[in-house]
Amino acid sequence: MMTIEQNRIPNLVESLGFFLLAMGLCIVTADQSAEQTVTRVENGYLVQFEETIEIENSISNLVVVAFPGDIEIVRSNAQEITLQESIQLRADDAGGARDQARQIAATIRQEPGSIEIRGRGDEERGRRLKLSVPARLMIDASSSYGDITLDGGMSPVELRSRQGDISVYSLEAYLDITV
């Protein structure tokens with residue numbers, strides 16, 4: 001039996017984020033404005049974050065740095081990035097799982113010309129990052145402990161995984177893979 005607790009986290013730093021973005025820099029963690037779902041599973045809790053990141057036409061690069069788990073990137077015709085992060089944790093209750101997940105959720109940093117999504121924590125813990133990104137973005141992604149899957153696009157791609165497989169589908173551009 002699964003119980004689901006859903007909670008919309010208020011964006012308390014929204015005005016600060018707009019100020020930093022106007023200054024050319026914005027750093028947020030996925031839990032600050034993302035939709036959060038906590039689900040009881042057999043060995044603990046599954047915490048899921050979902051967020052849409054609006055990007056300007058001046059953004060040409062997406063960098064995913066040291067994510068400790070699987071990464072799936074799907075290219076689309078959308079003009080925003082949709083981020084879904086899943087973290088499976090052992091905790092006494094849903095609140096404890098949510099608190100643990102906040103400590104290791106990916107951070108998002110937007111600078112002129114690029115967006116960086118950086119993994120936090122150094123172990124996989126049943127983690128998965130799924131991104132739907134504009135097809136025009138160049139992608140540089142690295143995973144510490146997981147597989148990387150990329151589907152679609154006509155922009156250059158660099159993929160690195162220390163411990164995992166790399167799969168690429170329907171790419172019509174330069175590809176650099178390091179394992």
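What you have here is a predicted model, so please read every value below as computed from it. The protein's secondary structure comes to three helices and 15 strands. Of its 179 residues, 41% count as buried. Among contacts with a separation of 6 or more, 63% are between residues 24 or more positions apart.

**Strands around S11**

**The nonpolar cores**

- The largest nonpolar core holds 26 residues, and Leu62, Ile81, Ile115, Ile117 and Leu131 touch the most other members.
- Elements that give two or more residues to this core include S5, S11 and S13, together with strand S6 (70-76), strand S7 (80-89) and strand S9 (114-118). Strand S10 (127-134) and strand S12 (148-151) also give two or more.
- Another core, of 13 residues, lies apart from this one, and among its members are Val38, Leu89, Ala101 and Ile104.
- Which residues does Ile115 contact, leaving aside neighbours within four places in sequence? Ile115 is in contact with Ile53, Ile55, Ile59, Asn61, Leu62, Val63, Ile81, Ile108, Arg109 and Gln110.

- Glu51 sits in strand S4 (residues 44-54). Is Glu51 buried or exposed? Glu51 counts as buried because its relative accessible area is 9%, under the 20% cut-off.
- Glu51 and Leu131 are 80 residues apart in sequence, with their C-alpha atoms 9.9 Å apart in space. Leu131 is one of the residues touching the most other members of the largest core.
- Thr52 is also found in strand S4. Its relative accessibility is 44%, which lies between 20% and 50%, so Thr52 counts as partly exposed.
- Beyond its neighbours within four places in sequence, Thr52 is in contact with Glu80, Ile81 and Thr82.
- The C-alpha atoms of Thr52 and Glu35 are separated by 9.6 Å, and the two residues are 17 apart along the chain.

**Two loops to look at**

- Asn77 is in the loop between S6 and S7. With 75% relative accessibility, over the 50% cut-off, Asn77 therefore counts as exposed.
- Although Asn77 and Ala135 are 58 residues apart in sequence, their C-alpha atoms are 6.1 Å apart in space.
- Ser155 lies in the loop between S12 and S13.
- Not counting residues up to four places away in sequence, Ser155 touches Arg75, Ala135, Arg136, Leu137, Met138, Leu171, Ala173 and Tyr174.
- With Arg136 there is a close pair of atoms to find on screen: the backbone oxygen of Arg136 lies 2.8 Å from a polar atom of the Ser155 side chain.

**Positive phi values**

- Most residues other than glycine have a negative phi, and two residues here are worth a look on that account.
- Ala66 has a positive phi of about 50°, although it is not a glycine.
- Ala66 counts as partly exposed, because its relative accessibility of 32% lies between 20% and 50%.
- Ser170, again a residue other than glycine, has a positive phi near 55°.
- Where is Ser170? Ser170 is in the loop between strand S14 (166-169) and strand S15 (175-178).
- Ser170 is exposed, because its relative accessible area of 57% is over 50%.

Methods: Residues numbered from 1 in each chain as written. Predicted model: local features only at pLDDT ≥ 70, side-chain atom pairs only at ≥ 80, totals over all residues. Heavy atoms only, no water. Helix = DSSP H or I, 4+ residues; strand = E, 2+ residues; numbered from the N terminus. Buried < 20%, exposed > 50% of the residue type's maximum accessible area, 1.4 Å probe, protein only. Core = buried A, V, L, I, M, F, W, Y, C linked by side-chain atoms within 4.5 Å. Contact = heavy atoms within 4.5 Å. Polar contact = N/O pair within 3.5 Å; in protein donor to acceptor, adjacent residues only side chain to side chain.
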